[in-house]
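Trainee: I have a new model to go through. Could we start with its sheet and then turn to its core?

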Amino acid sequence: TNGLFMIIEDLSDIKNKEREIVYKDAAVREMHHRIKNNLQIIISILNLQIIRSQCEETKKALLDNVMRINSISIIHEALMTSDFNQDHSLKELLSSIIVGTQGYINLEDRHIEIKITGDDIMIPADKGMAIVMVTNELITNSLKHAFNNSTSGVIEIAIQKGSLYTTLIVKDNGKGFISNGDTKRKNLGFTIVQSMVKEKLKGNIKINSTENGTVVSFDFRTDSM
C-alpha cells in the first residue's frame, strides 16, 4: 500500500512539474507576443510621423529607425514560432530581413538583386539578433547610397563558416564611397555596425570600398554557439 501511495505521489509531482513548465512556456510566449505587438505599434507611430513630416532628413532618420525596429521584430517572430531554446537558421533570418528592407526602401525603377550564398549555420536567438541588425544596416546603406546612378546592381551576403569563427560578408557592385568622397555612408548606421560587432559579437570588422563596389566583412565565434 505504501508503495502504491509513493507511486501516485511521484506521478502527481511529475504532472505538477509538467503543468508548471507548460504555464511558464505560455507566459514566455505571451510576453514575446506583447513585445512584438508593441514593436508594431512603435513602427506605426513612426510611419505616421514620416507621413506628416515636411523635412526630408527627418523622414530618412525615422525610416532608418523603422527598419531597425523591424529587424528586431523578425527575431521575436522566430521566437514565437519555435522552441525558445532552439537555434535558428542564419540564412532564414537573413532572408526575412531582406524582404522587410526591400519593402521600406524606395528603389523606383532600379533593379537591385540581393542574394545569400555560402554556408548555413544554426545560431541562438541573442546572437541572431545582433547579426541580423548588423546585416540590416549594411544592406540599407548599400540600397540607399551604392546605386544612385545605376539602374541595376547586386548585393551579396556570403557566409563562411570556420572551425572557430564564422565570417559574414556583405558586398555590392555599386559606386563605392571612398573614391567618390561619399561620406554619407559613414553615418550612424556604420557606428551601430562597428559597436555591435565589437560589443555584442566580440568580433572584428573590415571595410574596403573602391569605384567597383564596397565589401564589408565581420566575424563572430562559431564554437561558442
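**Sheet and core**

Mentor: The model has an open five-strand sheet with mixed pairing, in the order E2-E4-E5-E7-E6. Strands are DSSP runs of E with at least two residues, helices runs of H or I with at least four, numbered from the N terminus. Two strands pair if DSSP finds at least two bridges between them. This is a predicted model: local features need pLDDT of at least 70, side-chain atom pairs count only at pLDDT 80 or more, and totals for chains, interfaces and linings use all residues. Residues are numbered from 1 along each chain as its sequence is written, and side-chain values use heavy atoms, leaving out hydrogens and water.

Trainee: How many bridges join E6 to E7?

Mentor: The two strands run antiparallel. Isoleucine 205 stands opposite phenylalanine 218 in E7. The bridges between E6 and E7 number six.

Trainee: Which residues have the most contacts inside the largest nonpolar core?

Mentor: Such a core joins buried (under 20% relative accessible area, 1.4 Å probe, protein chains only; exposed is over 50%, partly exposed in between) Ala, Val, Leu, Ile, Met, Phe, Trp, Tyr and Cys residues through side-chain atoms within 4.5 Å. The largest has 36 residues. The most contacts belong to Leu90, Ile131, Leu138, Ile157, Leu168, Phe218 and Phe220.

Trainee: Which element gives the largest share of this core?

Mentor: Contributors of two or more residues include helix H3 (90-104) and helix H4 (125-145). The largest share is eight residues, and it comes from H4.
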